[in-house]
Each structure stands twice: as C-alpha cells, then as structure tokens.
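Good morning, and thank you for making time for this item. I would ask you to keep the sequence and the model in view while I go through the chain.

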Amino acid sequence: MAGVLEKFLLASMFMWLIPIAVLYGFNHNLFPGSSDLSPHSLTLWSGLLAVISVNVVIGFYIYLAMKEPSDKHEPDPAFLAQARASIQKPIESTEGPSQSREKDE
C-alpha cells in the first residue's frame with residue numbers, strides 16, 4: 001500500500017511542479033528562443049507545453065499502475081465471506097404472486 005501511495009503522491013507533485021516550471025521558464029526567458037517570441041506566442045506556447053507536460057505525467061502514472069503486479073493484491077477475507085453469503089441468500093420480494101404476473105403481461 002505504501003508503494004501505491006508513494007507513486008500517487010509523486011505523480012501529483014509532478015503534475016503541479018512541471019507545468020509551473022514550464023510557465024516560469026517561458027516567462028523568464030530560460031528556454032532558448034523564448035525571448036524572440038511575441039507575448040501572444042509566448043503565452044500560447046507556454047500554456048500548450050504546460051498542458052502537454054501534465055498529460056505526460058498522467059500517462060507515466062498510468063504506465064506505472066499497469067506495470068504493477070496484480071497477484072500482489074489479496075482481497076479482504078471478511079469481505080469475500082460477506083459477498084458469498086449475500087449471493088447464496090434468496091431474494092425476498094415484497095410483491096405478491098399476483099402482482100408479479102401482472103407485470104409480465
């Protein structure tokens with residue numbers, strides 16, 4: 001459980017930090033060629049790259065989740081026992097036999 005939480009917190013942190021770093025880098029001319037762009041183009045490119053960076057982080061998080069072994073997780077035995085009992089229990093109906101026949105017709 002700790003590994004899953006660690007991956008989630010790391011991905012969440014990167015989803016905040018990377019786009020802010022991209023916006024900061026464009027606004028302070030840290031990227032080569034960004035000083036030659038007009039203010040409109042600078043805003044457009046920095047926003048576009050920030051959105052793409054968030055999508056890359058989300059894709060990486062999904063990749064890590066899919067790569068995680070599925071046999072590592074075991075369901076709760078109490079939950080399984082309760083689920084089996086609910087499946088085997090007959091369904092109680094509040095309707096009489098005449099009402100159920102009327103619905104079928």
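Of the 105 residues in the protein chain, buried residues make up 11%; buried here means under 20% relative accessible area, exposed means over 50%, and partly exposed lies in between, with a 1.4 Å probe and protein chains only. This is a predicted model, in which local features need pLDDT of at least 70 and side-chain atom pairs count only at pLDDT 80 or more, while totals for chains, interfaces and linings use all residues. Residues are numbered from 1 along each chain as its sequence is written, and side-chain values use heavy atoms, with hydrogens and water left out.

The accessible surface of the chain comes to about 9000 Å², and 66% of that belongs to carbon and sulfur atoms. Such areas come from the Shrake-Rupley method with a 1.4 Å probe, and for residues only the protein chains shown count as cover.

As to secondary structure, the chain has 4 helices and 0 strands, and along the sequence the pattern reads α-α-α-α. Helices are DSSP runs of H or I with at least four residues, strands are runs of E with at least two, and both are numbered from the N terminus. Among contacts between residues at least 6 apart in sequence, 58% join residues at least 24 apart, a contact being heavy atoms within 4.5 Å.

Where does UniProt place the feature "transmembrane region"? The unreviewed entry gives residues 7–24 and 44–64; UniProt positions are in the numbering used here, feature names are shortened, and annotations may be inferred rather than shown by experiment. In the model, residues 7–24 are 100% helix and 0% strand, with the end C-alpha atoms 25 Å apart. Residues 44–64 are likewise 100% helix and 0% strand, and there the end C-alpha atoms are 31 Å apart.

Helix 1 (2–27) and helix 2 (39–67) each supply at least two of the patch residues, and the largest share, 8 residues, comes from helix 1.

Because F8 lies in helix 1 and Y61 in helix 2, the pair ties together parts 53 residues apart in sequence. F8 is partly exposed at 42% relative accessibility, as is Y61 at 28%. The pair of F26 and F31 is tilted, at 5.1 Å centre to centre and 50° between the planes. Here F26 is buried at 8%, whereas F31 is partly exposed at 34%.

Lastly, A21 lies in helix 1 and is partly exposed at 46%. A21 and S46 are 25 residues apart in sequence and 9.9 Å apart in space, C-alpha to C-alpha.

Definitions and conventions. Phe/Tyr/Trp six-rings, centres within 6.5 Å; stacked < 30°, edge-to-face > 60°.
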